[in-house]
Amino acid sequence: KGIPKREEAMSLSLPEKKRSFGESLILLLSPKYRRRTSVLWVDWFIYIFAFYAFESWIPVFLITVFHVTLVKTLLYSFIIYTANVPGYLSGGYLADKIGRKLTTIVGFLLLILFGLTFGYSHGNVIPLLVGGVGVAFFLEVLGSTLNIYAAELYPTSTRGVGAGVAQS
């Protein structure tokens, strides 16, 4: 308590020197981090593609594929979108409770299951809404979990570049 002894003060680590973008990129692609980087890039690519493909095109899917009326399309879209906030909050909670990797793996598997439910609903209201809400929920679970996970894979000095390049 109070001022640390000399030996303790010597063992305290100093903050890492900030790396430039180029140095960080070289580190991300180095043999030590190459596998982490490639898995993270693939995860983010799949997530972002699925997120924008689903969230942006829900009304179009409902009208053109499932032949839902415009009024019902707006209602169903609203119901599906309501799963986003609880999904994002649940992702942060689950990442801490059961772990980042397990949350990511289970999240992707459930995303596929609910995506198939939505896709094969043939316009039937219950499977369409259950599948749509499930997809929206687990997309957000993955979004928050991947944000947390990405920041933990690299040293502090290159964390921002590692997470930013993966998302871009």
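Author: Buried means under 20% relative accessible area, exposed means over 50%, and partly exposed means in between, with a 1.4 Å probe and protein chains only. What you see is a predicted model, in which local features need pLDDT of at least 70 and side-chain atom pairs count only at pLDDT 80 or more, while totals for chains, interfaces and linings use all residues. Residues are numbered from 1 along each chain as its sequence is written, and side-chain values use heavy atoms, with hydrogens and water left out.

Reader: Is T73 buried or exposed?

Author: T73 has its place in helix α4, where helices are DSSP runs of H or I with at least four residues, numbered from the N terminus. T73 touches P59, L62, I63 and V68, not counting residues up to four places away in sequence, and contact here means heavy atoms within 4.5 Å. Because its relative accessible area is 1%, T73 is buried.

Reader: Which residues does G107 touch, leaving out those up to four places away in sequence?

Author: G107 is found in helix α6, and with a relative accessible area of 1% it is buried. G107 and T145 are 38 residues apart in sequence, yet their C-alpha atoms are 9.2 Å apart in space. With residues up to four places away set aside, the residues that G107 touches are F138 and L142.

Reader: How are α5 and α6 oriented to each other?

Author: Residues G91, L94, A95, D96 and I98 in α5 meet R100, L102 and T103 in α6. The axes, which are lines fitted to C-alpha atoms over the stretch in contact, with angles from 0 to 180 degrees between N-to-C directions, come within 7 Å and cross at roughly 125°. Angles under 35 degrees count as roughly parallel, over 145 as roughly antiparallel, 65 to 115 as roughly perpendicular and the rest as oblique. The two helices, α5 and α6, are therefore oblique.

Reader: What is the phi of H67, which is not a glycine?

Author: Most residues other than glycine have a negative phi. H67 is found in the loop between α3 (34–65) and α4 (70–81), and at 65% relative accessibility it counts as exposed. Although H67 is not a glycine, its phi is positive, at about 55°.

Reader: Where does H122 lie?

Author: H122 also is not a glycine and has a positive phi of about 55°. With a relative accessible area of 65%, H122 is exposed. Its place is the loop between α6 and α7 (125–152).
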